Amino acid sequence: MLKATLFLQLIFFLGGCLGTKEIQSEIYITAIGIDYSNNKYNLYLQAIGFSNVAGSDPGIASEPTPIVLGHGEGETIQGAFDDIEKNSVNPLYYGHIQNIFISKNILDGHLQNFLDFLSRNYYLRYNTLVYGYEDNINEIMNVHGFFHKPPTLTFPYDPKEQLFFNSFISTRTVQDIIKRFYEPVGSIMVPSIDIKSDYWMENNHTKKILTINGAYFLSNQKLKGWIKEEELSGLDWFNKDFNNMKLSIKDKSVSLFIDNIDYHIEVSGEKIPKYNINLEVEASIRENQKNVEKEIIENEVKDIILTQFQKTFTRGLEINADIFNFSERAYRFKSRTRTVEEINAINEDSIDKIDINIFIKDGGAKKS
């Protein structure tokens, strides 16, 4: 009788696992792409084999990791999810999503619907990284890492290494966008992603890589425009998250590390705010083949920074966006004395003064 009782108890406890799915029976979604065209939402899901999600061999793979892409469409975003889920041969698991690729069409008039959808779905985490794109989403989601490694080992999924060389690229998460979407001043920058194939070869074939090619900017829930990467270099000098940035003075054969950036912005003016900028930059010389004097290098760096800032600031004005978010300072600290319209009146006269102080820490590598 005692043995029979124990057996029944064991059966009872084991029964709790009967509904548990085997790990390999689910499809693990690693990224989502979303677009809007022909009055329908188009959803793209990227999945890789479970062996590449956890516990996989970090070495060189003998063949490319399989990538599975799914596509669904619907008149609503939920409808697009339902469309792809009902046509899936296995259950979909969303707990490994690391990226969301949002098309220009979504950013331009449909972002609010997408953010509302995100807020209602617990499986889409707020710390997921967000990138914009214009087209070729299937190609973007089909790019492998080096040595046949899975997409999860490419730049968009873990951008820290890439940001070491590209300071202006401040990553954006779902939370960042939701937090700023309804702000009456300033702008949201969404880095845009594209494919490059002119830098690397793999097995004597052109190797595609994913890279940031610029950024979209939104203000007051509207898409203002897109600016290419080389025109955004002025943002480097106002990036609190900057990493070991490199700078070259090509005609002087001088190469530098930017070690530290600090800036202060004061708001002046009566109704229409003006901004006084003080920028402090510390740098160390990596190479100085022509033995250029430190004072000359400091002046050259100052000219480069000023040129980059003015170019980027002007491009922001051209799309009617405060891409440096200077207006936030006037809004936060003196909003009672100015209207939102006055605060948002950013123009070429808004920068009253900019002081740039350069400090070269050492003489670096000189040619003897």
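Helices (H or I, at least four residues) and strands (E, at least two) are DSSP runs, numbered from the N terminus. By this assignment, the protein chain contains 10 helices and 14 strands. The model is predicted, so local features need pLDDT of at least 70 and side-chain atom pairs count only at pLDDT 80 or more, while totals for chains, interfaces and linings use all residues. Residues are numbered from 1 along each chain as its sequence is written, and side-chain values use heavy atoms, with hydrogens and water left out.

Of the 368 residues of the protein chain, 45% count as buried (under 20% relative accessible area, with exposed over 50% and partly exposed in between; 1.4 Å probe, protein chains only). Among contacts (heavy atoms within 4.5 Å) between residues at least 6 apart in sequence, 70% join residues at least 24 apart.

Helix H2 (residues 77-86) packs against helix H4 (residues 111-119) at an angle of about 60°, and their axes are 10 Å apart. Axes are lines fitted to C-alpha atoms, for helices over the stretch in contact, and angles run from 0 to 180 degrees between N-to-C directions. H2 and H4 are therefore oblique to each other, given that angles under 35 degrees count as roughly parallel, over 145 as roughly antiparallel, 65 to 115 as roughly perpendicular and the rest as oblique. Ile77, Gln78 and Phe81 of H2 and Asn113, Phe114 and Phe117 of H4 make the contact.

Phe147 lies in the loop between helix H5 (137-140) and helix H6 (160-163). The residue Phe147 is partly exposed, its relative accessible area being 46%.
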